[in-house]
Amino acid sequence: LQVQAAAQEQQLGQQEERLHRLEMERRRLHNLVQELKGNIRVFCRVRPVLPEEEERQKGLEHLHFPRQDNKVLVLSRPEESHVGRERRGDVRYDFSFDRVFPPSASQQEIFEEIALLVQVERPPPQNQPPE
């Protein structure tokens with residue numbers, strides 16, 4: 001029985017080492033993919049207007065989220081003349097991000113988008129020092 005337990009212990013240790021090696025390889029490949037895509041991602045999340053803010057401003061009509069492109073946020077404001085205060089039209093500013101989340105986006109939707117970018121550190125096997 002002790003021989004069988006020792007053999008299983010040895011097999012378990014080998015499997016833990018193999019798992020650790022495979023995890024390190026997965027991380028290396030993940031990091032390589034991230035480098036090839038570019039290491040920095042910029043996300044924009046616009047939160048909903050709070051009730052106390054609704055009184056001071058008229059919602060979010062100055063922000064536009066194009067339906068066909070979830071990477072763009074458009075900010076517009078009325079342009080007024082410096083001389084006579086007449087309205088000349090809207091000034092438009094286009095911003096591009098890796099992804100834009102409108103106020104209606106859920107936590108789940110945001111997490112699903114970034115889940116692949118986040119890595120969780122696993123402790124190394126007990127009988128192997130950390131790298």
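This is a predicted model: local features need pLDDT of at least 70, side-chain atom pairs count only at pLDDT 80 or more; totals for chains, interfaces and linings use all residues.
**Charged pairs and nonpolar groups**

Arg28 and Glu25 lie 3 residues apart in helix 1, so about one helical turn separates them. Arg28 has a relative accessible area of 45%, so Arg28 is partly exposed. Glu25 is also classed as partly exposed, because its relative accessibility is 34%. Side chains of opposite charge can pair when their charged atoms come close.

How accessible are the two partners, Arg26 and Glu23? Arg26 is partly exposed, at 37% relative accessibility, whereas Glu23 is buried, at 13%. The cut-off behind this is that a residue counts as buried under 20% relative accessible area. Glu23 and Arg26 also belong to a network of salt bridges that includes Arg27.

The structure holds 6 salt bridges, and one of them joins Arg99 and Glu109, with 3.2 Å from N to O. Arg99 is in strand 5, residues 99-101, and Glu109 is in helix 3, residues 107-114, so this pair ties together parts that are 10 residues apart in sequence. Arg99 counts as buried because its relative accessibility is 12%. Glu109, with a relative accessible area of 31%, is partly exposed.

The next topic is nonpolar residues. In soluble globular proteins, nonpolar side chains tend to be buried together. Which residues make up the largest nonpolar core here? This core has 5 residues in all: Cys44, Val46, Leu63, Leu73 and Val100. Leaving aside residues up to four places away in sequence, Val100 touches Cys44, Phe65, Asn70, Lys71, Val72 and Leu73. Two of these contacts, Cys44 and Leu73, are members of the largest core along with Val100.

Nonpolar residues are found on the surface as well. Leu29, Leu32 and Leu36 form a nonpolar patch there, and together they have about 300 Å² of accessible area. Leu36 is located in helix 1, which covers residues 2-37. Is Leu36 buried or exposed? Leu36 counts as exposed, because its relative accessibility is 71% and the cut-off for exposed is over 50%.

Methods: Residues are numbered from 1 along each chain as its sequence is written. Side-chain values use heavy atoms; hydrogens and water are left out. Patches are made of residues with over 30% relative accessible area and no salt bridge: like charges are joined within 9 Å, nonpolar side chains (Val, Leu, Ile, Met, Phe, Trp, Tyr) within 5 Å. Accessible areas come from the Shrake-Rupley method with a 1.4 Å probe; for residues, only the protein chains shown count as cover. A salt bridge is a side-chain nitrogen of Lys or Arg within 4 Å of a carboxyl oxygen of Asp or Glu. Helices (H or I, at least four residues) and strands (E, at least two) are DSSP runs, numbered from the N terminus. Buried means under 20% relative accessible area, exposed over 50%, partly exposed in between (1.4 Å probe, protein chains only). A nonpolar core is a set of buried Ala, Val, Leu, Ile, Met, Phe, Trp, Tyr and Cys residues joined through side-chain atoms within 4.5 Å. Contact means heavy atoms within 4.5 Å.
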